[in-house]
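Trainee: Could you take me slowly through a single part of this model, the place where the two chains meet?

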Amino acid sequence: MKADINIQHLSDEELIHRIVKSNDTHLFAVLYDRYSRVVYNKCLGFANSPDEAQDLAHDIFIKLFVKLRTFKGNSKFSTWLYSFVYNFCVNYVNRDKHRKNRSIENGDINDESYEEVDEDTLFKLKSDKLAKALELIDPNEKMILLLKYQDDLSIVDIQAVLGVGASAVKMRLKRAREKVVHFYNTLG
Amino acid sequence: MENPFKKILHNEEVPEILREKVINDIALIKLSLDVADLFVVKCPSTIGEFIIDKKDKNKK
């Protein structure tokens, strides 16, 4: 009982260190309890139904158990986990043939230049219409927008997540903002 | 100004069944890893040591 209480108070990093060392399912269950809600709700944002989101969250946790040793502690665990979840979801969406065809269609107008969009304009958008516009843009662009404006990650954190420099992050964010507003406006 | 990205964030309860599925599958993976470790690492190492021990005794 006392050991249980101690485990609940472990930091994420210490907990992960112990899971990697022992592959203990009981310890992994503690990590699951801490993050299952976040992961499941992120999956709901990418899946077509709650059942699909459940399968997606299941696969993410299984892969997480296998890949946990690749977490080196260079960033906060939650930041690393967001990146892990988003990458899994983006790959999943890209594998979906129907959506893939749609993103190829969108890719045809990739080189079009869009009107510049600042954050004030972005925050004035209506949430239900924004959700639809996010479905229409490339999943990678959706990911960077969610990292920045939903999860409040800094540019430095996003740099670590995407493995690119600050200027590339800012450029991708700018393009993603412009594109989402473009699709938002086409929704009428 | 309210951030619309926060409003589209889902806030649902995780289905209970998911925990059971995940933990059962993790237990199965752990078992597979342990069995693989036993036959690929521990058994060959024990047999190796046993043979070396026997050779040493024969030399003496």
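Mentor: In this predicted model, the contact draws 34 residues from chain A and 27 residues from chain B. The size of an interface is often given as the accessible area lost when the parts come together. Here chain A and chain B bury about 3000 Å² between them, and 68% of that area lies on carbon and sulfur atoms. Within what chain A buries against chain B, A:Y32, A:R37 and A:Q150 supply 20% of the area, which is more than any other three residues.

One of these residues, A:R37, also takes part in a salt bridge with B:E13, in which the closest N and O atoms are 2.6 Å apart. The count of salt bridges between chain A and chain B is three, while eleven residue pairs are found in polar contact across the interface.

If you now ask which helices of chain A build its side of the contact, α3 (25-44), α4 (50-67), α7 (119-123), α8 (127-136) and α9 (139-149) each supply at least two residues of the side that touches chain B. The largest share, eleven residues, comes from α3(A).

Conventions: Residues numbered from 1 in each chain as written. Chains lettered and ligands numbered in written order. Predicted model: local features only at pLDDT ≥ 70, side-chain atom pairs only at ≥ 80, totals over all residues. Heavy atoms only, no water. Contact = heavy atoms within 4.5 Å. Buried area = accessible area lost by both parts, 1.4 Å probe. Salt bridge = Lys/Arg side-chain N within 4 Å of Asp/Glu carboxyl O. Polar contact = N/O pair within 3.5 Å; in protein donor to acceptor, adjacent residues only side chain to side chain. Helix = DSSP H or I, 4+ residues; strand = E, 2+ residues; numbered from the N terminus.
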